Amino acid sequence: MKFLKEYRDSGLARDILAEIISISKRRVKLMEVCGTHTVAIFRHGIREILPKNISLISGPGCPVCVTPNKHIDEAIEISRRPGVVLATFGDMMKVPGSASSLEAEKAAGADIRVVYSTMEALDIASRNPEQEVVFFGIGFETTSPTIAAAVLRAEKENLPNFSIVGAQKLIPEAMRALLAGDEIGISGFICPGHVSAIIGVKPYEFIAREFGIPAVVTGFEPVDILQGIYMLVKQIEEGAAKVEVQYNRGVPPEGNPHATAILYQVFEVTDALWRGIGTIPGTGLKLREEYSRYNAVTKFGIEITGEREHPGCKCGEVLKGMITPLECGLYSKACRPEHPVGPCMVSVEGTCAAYYKYGKRSD
Amino acid sequence: MADNRILLAHGSGGKLSHELVKEFFLPVFDNPILNRLDDRAEVEVAGVKLAYTTDSFVVNPLFFEGGDIGKLAVCGTVNDLAMGGAEPLFLSVGFIIEEGFSLDMLRDIVTSMKKTADEAGVKIVCGDTKVVEKGSADQIFINTSGIGAVPEGVCISGDLAKPGDKVIINGFIGDHGIAVMAKRQGLSFKDRIASDCAPLNGLVKKMMEVSKDIHVLRDPTRGGVATTLNEIAAQSSVGIVLNESALPVREEVQAACEILGFDPLYVANEGKLLALVPAEIADRVVDAMKHHPYGREAAIIGEITADHPGKVVLATGIGGRRIVDMLVGEQLPRIC
Amino acid sequence: MCLAVPTKIISIDDNIAQVEFGGVLRTVSLDLVPEAKIDDYVLVHAGFAIQIVDEEEALKTLEMFREIIEHEVS
């Protein structure tokens, strides 16, 4: 398997680890922003092999986790309308909204389908013209261009029965918000690989320039992650603060301009509500006026009021890296993967789910 | 059962299934034989030790690479008996068929059942058929139950694992789940990936010829190797350490897992067994397995420890360690 | 969840590509990387190719690994 085996080489991993240990003097807190990194770090046991002075903190990069109940309630409300097929990514099924979840609605009879791609949702729409097919779209800059491309296809293929509940988010401005209110002392960022494959490196430059903190765009294999950590530690030890790219094979400096063009042809930037964090300016996407007919929420006249979060749920603090799941009173007690209270326990890449799956039940 | 309804995950073989059994069925049916929670019950009738089990099959699609629902229905029950060291003898079969189902397909399924039963050396001796209205069932569901004889001196159970035991698997993991899943997810393979579905009583017999001192046998079906080993760790109050680089996984299965976001440790098998045996006989057992068609790629993949009782730990390829928990929720719906 | 593995384009038909990884075949949309061609390795996300893998950069990354290690040895 090309581009894979060499990045999982145990000898190479150990060599890089030895090098990290030899140069690392200071106590550092590195935040991995992306949920896929969180899972890879746990899956390969990377936290355990790092020296004690290097802590890895999981950030807000799980799209399921940061989706507030408002959008989940919207999707549930739409799925209850007759003639509607609601399509979404698998992880959204179990996330509890204010009073129900898509999984429970499906068990109660709603037509909810798990898809791997927006194209599958489009396919359902074109094969079932008498039904309204609604795609519940979550995700970051990696996923949003695929949703935009699907909207363009729906327009081209004239599928008036396709629409979306858009709950996508943008990463760099969220990192700025995190740094502006930083209560944990982040010393470096492991930047997401595939968000960067779309947006390139420029959007991260403010991190080094304005906050004096290094950032390294990193791949997802164990050798990638260890090398990314090495590059961050090296910068910190040398007193440098630059944006570097470890994941060169997938991230050209300019990203994918064609994909960003499609993204911003269909969507425009707006403010977004993040679960547990609140509204962050410039981190949301909404359909541009000329595509507003694909907005399922207005199409079905949905108005959600009285959405509520579970009172004890500390997903917001977990998402900001302020606490680990172990410091939440619900974790592994009332909130477990089989009965999740908060979304961080639902998504496979949620911090709480990763902690639980990989056996961190107490300190 | 917070929302008072059965969810798909209650049937996945993972945590919710266990909850359903423990909190819902056991308190009602409560008796010492059932309470052991092995894959089969062992009962003594007129001085003869018998093994007794049942299993239902709802796989979609009905026909897949390497097997079909009929073959699965025979293998599943035969294997549940064989995992107690029992010699499978007789099966019953119950069909629940949806109105309008093709007779040609039914014939193919029944023929496949007969062929598999012959290979396993069991007879299908009684049965039942029900037909339900269109829409009340998805094509066809099959239940089989089976009876086997437990030979003298055989004592195999999920609670008998001992520190120092080696964990043996009889070949590549995840083939069945991926063969079935691929068809549903629009994945195809350059080379054919077939389900490993097979009756394992012949292989078990070969293993017991080496030694009857096999502590635990279990077939890692739904929930995969990870879930089965967690069950054993809990039942025996021992820890299990798995060696990631020793796990036999086909390149295509590994690749499909990467693509679908699955972990091969949680993917279902239908022709695999996990054997926990004392270290001193492990190599000879593996050797004997390698001489059987269903054990060619047999390997030692881990060992039992007195540390961390109830937990399964994986030593990762890059030198880290992590806990391997049971399957939670639904990784692969309806594949057995 | 990001799919970390690069897949190789085997064939292209009307902006839909057949891609291969480790013997597994699937179809993906090339709407986001229209310049991709047969034999290119692409990163795939949610049914779309999102980036072409740069083989030269991949080699350079591995080279960087080696330098780190040699530095350690010396």
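User: How many aromatic pairs does a search of the whole structure find over all chains?
Analyst: This is a predicted model, where local features need pLDDT of at least 70, side-chain atom pairs count only at pLDDT 80 or more, and totals for chains, interfaces and linings use all residues. Side-chain values use heavy atoms, without hydrogens and water. Rings of Phe, Tyr and Trp (its six-membered ring) pair if their centres lie within 6.5 Å; planes under 30 degrees apart are stacked, over 60 edge-to-face, the rest tilted. Over all chains, the search gives 9 aromatic pairs.

User: What kind of aromatic pair do F89(A) and F135(A) form?
Analyst: Their ring centres lie 5.4 Å apart.

User: Are F89(A) and F135(A) buried or exposed?
Analyst: Buried means under 20% relative accessible area, exposed over 50%, and partly exposed in between (1.4 Å probe, protein chains only). F89(A) and F135(A) are both buried.

User: Why is the pair of F140(A) and W274(A) stacked?
Analyst: The ring centres of F140(A) and W274(A) are 6.4 Å apart. The pair counts as stacked because the planes lie at 20 degrees.

User: Which residues form one aromatic cluster with F42(A)?
Analyst: The cluster belongs to chain A. Besides F42(A), its members are Y355(A) and Y358(A).

User: What radius of gyration does chain C have?
Analyst: The radius is taken over C-alpha atoms, and the globule rule is 2.2 Å times the number of residues to the power 0.38. A compact globule of 74 residues would come near 11 Å. Chain C has 15 Å.

How values were computed. Residues are numbered from 1 along each chain as its sequence is written. Chains are lettered from A and ligands numbered from 1 in the order in which they are written.
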